[in-house]
Amino acid sequence: MNLSVASENLFKDVCFSVIDLETTGGNPKKDRIFEIGIVKIKNLKVIDEKGLYINPQIPIPEFVQNLTSISQSDIQGAPIIDDVIQEIRDFIGDDVVVAHNINFDITFLNAVLKKHKIKLLKNQVLFHDIYLFTASSLCSFWHHNPNKSSTLHLNSFANFNASSKLGPIVTGK
């Protein structure tokens with residue numbers, strides 16, 4: 001059995017929420033989320049996507065704006081996290097969570113969830129750190145074109161494919 005078939009059988013009927021956040025910095029006590037992308041995958045197919053700009057209520061540092069290509073003007077008029085955190089938590093539900101830096105993303109989300117007394121994310125996770133490929137190269141490889149232009153959708157989809165189908169990419173089979 002080749003690795004691709006084994007991967008597909010292993011993940012069949014499992015629902016994943018592949019998440020990616022952009023934040024104003026690395027400290028969940030003082031920094032804030034300003035973009036979130038979530039791609040839901042079931043039976044190895046994208047079944048839903050959610051991408052939100054979020055007003056962090058603090059300036060996005062210039063370094064972060066350059067890194068993410070998201071400016072202060074991009075988030076003008078976006079909802080604050082308080083207004084969308086329940087929607088985000090409900091969307092993720094009890095799915096297996098995938099992210100390229102899962103500890104970072106879950107720590108930030110749980111800090112907000114805790115503040116609002118909403119059930120924390122204690123979901124099962126698939127892999128912890130995936131930094132092997134760029135999002136656009138993986139999406140191109142898997143012929144996926146997200147509905148939205150958000151890089152987070154690309155990153156989320158790529159994270160899933162890197163974790164679930166890494167063998168065929170590496171071996172070229």
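Visitor: What makes the approach of the Thr107 side chain to the backbone oxygen of Asn103 a polar contact?

Guide: In this predicted model, the Thr107 side chain comes to 2.6 Å from the backbone oxygen of Asn103.

Visitor: Why is Thr107 called partly exposed?

Guide: Its relative accessibility is 43%. Buried would need under 20% and exposed over 50%, so Thr107 falls in between. Thr107 belongs to helix 4.

Visitor: How do you know that the span of helix 4 agrees with its number of residues?

Guide: Helix 4 has 14 residues, 102–115, and at 1.5 Å a residue these should span 20 Å. The C-alpha atoms at its ends are 20 Å apart, which agrees. After the helix comes Lys117, with a positive phi near 55°.

Visitor: Which residues of helix 4 are buried, and what covers them?

Guide: Buried are Ile102, Asp105, Ile106, Phe108, Leu109, Asn110, Val112 and Leu113. The cover includes strand 1, strand 2, helix 3 and strand 4.

Visitor: What makes Leu109 part of a nonpolar core?

Guide: Leu109 is a buried residue of helix 4, and a core joins buried nonpolar residues through side-chain atoms within 4.5 Å. Leu109 is among those with the most contacts inside the largest core, which has 23 residues. Strand 1, strand 2, helix 3 and helix 4 each supply at least two of that core's residues. Another core, of 7 residues, lies apart from it and includes Val18 and Val96.

Definitions and conventions
Residues are numbered from 1 along each chain as its sequence is written. This is a predicted model: local features need pLDDT of at least 70, side-chain atom pairs count only at pLDDT 80 or more; totals for chains, interfaces and linings use all residues. Side-chain values use heavy atoms; hydrogens and water are left out. Helices (H or I, at least four residues) and strands (E, at least two) are DSSP runs, numbered from the N terminus. The expected span of a helix is 1.5 Å times one less than its number of residues. Buried means under 20% relative accessible area, exposed over 50%, partly exposed in between (1.4 Å probe, protein chains only). Contact means heavy atoms within 4.5 Å. A polar contact is a pair of N or O atoms within 3.5 Å; within protein, one must be able to donate a hydrogen and the other to accept it, and residues adjacent in sequence count only if both atoms are side-chain atoms.
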